[in-house]
Amino acid sequence: MIASLPAGTYRGQMETGSAKSAFWRGAYGALPFVIVVGPFGLLFGVVASEAGLDLLAVMSFSVLVIAGAAQFTALQLMLDQAPTLIVILTALAVNLRTAMYSAAITPHLGAASLRVRALAAYLMVDQTFAASLAEYERKPQMTLPEKVAFFFGSAAPVVPVWYGATLAGALLGQGIPPEYALDFAVPITFLALIAPMLKTFAHVSAAAVSIVAALAFAWMPYNSGLLVAATLAMMVGAEIERRPR
């Protein structure tokens with residue numbers, strides 16, 4: 001039966017099957033992130049609704065941005081009546097890591113079509129990046145269709161849960177008892193994502209500088225010390241990477 005098929009048809013079927021398998025591997029691999037993404041989104045929905053944002057504003061925030069840390073940062077600055085420029089710059093600084101994510105994943109997805117890359121850029125969050133890059137490094141023989149399928153598979157359980165949890169939090173509002181302590185999801189999420197990535201001296205140095213600088217410049221108004229800390233950390237990491245071993 002297989003021998004009677006044209007070579008191109010058989011190869012196309014094989015690529016489709018491997019891409020489908022990669023998609024489901026990505027979805028399965030990202031399932032553990034749902035444990036923290038759910039409470040994270042729920043917490044943002046609650047906090048945003050308590051801050052006075054209506055349902056449309058809360059959901060627009062989550063759907064358009066999809067960046068929990070940047071959203072919390074921007075929301076807190078807005079509550080503190082910080083200048084709009086400070087809100088924008090600080091949120092961008094917190095979310096600047098996605099630019100580094102994009103640079104790291106470009107060698108794997110850069111050959112995809114513009115439409116695919118645009119959608120991947122929208123779905124480039126901590127969880128999809130971490131799961132995908134780990135898989136690409138573990139299986140360097142993956143083809144481009146397999147890599148694309150795995151990336152979108154990793155987004156399949158994460159992004160809808162983020163939307164749904166934000167909606168639930170916005171609707172429930174103050175109905176969630178404070179003893180549930182949903183804010184535990186924020187530090188746990190980033191610890192789980194960042195710790196496995198500290199593989200080189202440059203990574204560890206950048207992380208250490210960011211911690212020290214963030215504490216040292218905590219006195220700056222509107223959390224603008226985060227801008228300084230992020231800049232210093234990137235400079236140190238880049239300089240160490242640039243120097244010969």
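Let's start at A168, which is partly exposed because its relative accessible area is 28%; here buried means under 20% relative accessible area, exposed over 50%, and partly exposed in between, with a 1.4 Å probe and protein chains only. A168 sits in helix α10. Across the sequence, A168 and F44 are 124 residues apart, while in space their C-alpha to C-alpha separation is 10.0 Å.

A word on what you are looking at: this is a predicted model, in which local features need pLDDT of at least 70 and side-chain atom pairs count only at pLDDT 80 or more, whereas totals for chains, interfaces and linings use all residues. Residues are numbered from 1 along each chain as its sequence is written, and side-chain values use heavy atoms, with hydrogens and water left out.

Now step back to the whole chain. The protein chain has 13 helices and 0 strands; helices (H or I, at least four residues) and strands (E, at least two) are DSSP runs, numbered from the N terminus. Of the 245 residues in the protein chain, 39% are buried. Take the contacts (heavy atoms within 4.5 Å) between residues at least 6 apart in sequence: 77% of them join residues at least 24 apart. The accessible surface of the protein chain is about 13,700 Å², and carbon and sulfur atoms account for 70% of that surface; the areas come from the Shrake-Rupley method with a 1.4 Å probe, and for residues only the protein chains shown count as cover.

Let's move to the aromatic rings. A pair of aromatic rings is described by the distance of the centres and the angle of the planes. Rings of Phe, Tyr and Trp (its six-membered ring) pair if their centres lie within 6.5 Å, with planes under 30 degrees apart counted as stacked, over 60 as edge-to-face and the rest as tilted. The whole structure holds 8 aromatic pairs. One of them joins F40 and F72, which is stacked because the ring centres are 5.5 Å apart and the planes lie at 20°. This pair links distant parts of the chain, with F40 in helix α2 and F72 in helix α4, 32 residues apart. F40 is buried, with a relative accessible area of 5%, and F72 also counts as buried, at 18% relative accessibility.

F40 has another partner, W162: their ring centres are 5.8 Å apart and their planes at 90°, so this pair is edge-to-face. Because F40 lies in helix α2 and W162 in helix α10, the pair ties together parts that are 122 residues apart in sequence. Both F40 and W162 are buried. Together, F40, F44, F61, F72 and W162 form one aromatic cluster.

Finally, visit the second largest pocket, with about 290 Å³ of space. On a 1 Å grid over the protein atoms alone, a pocket is an open set of points where a 1.4 Å probe fits, with protein on both sides within 12 Å along at least five of seven lines, and lining residues have an atom within 4 Å of a point. The lining of the second largest pocket numbers 24 residues, with I66, A67, G68, V125 and D126 nearest the centre. Helix α6 gives the largest share, 4 residues. I66 lies in the loop between α3 and α4 and is buried, with a relative accessible area of 9%. Most residues other than glycine have a negative phi, yet phi of I66 is positive, near 45°.

Note on methods
Points joined across faces, edges and corners; volume = space filled by probe spheres on them.
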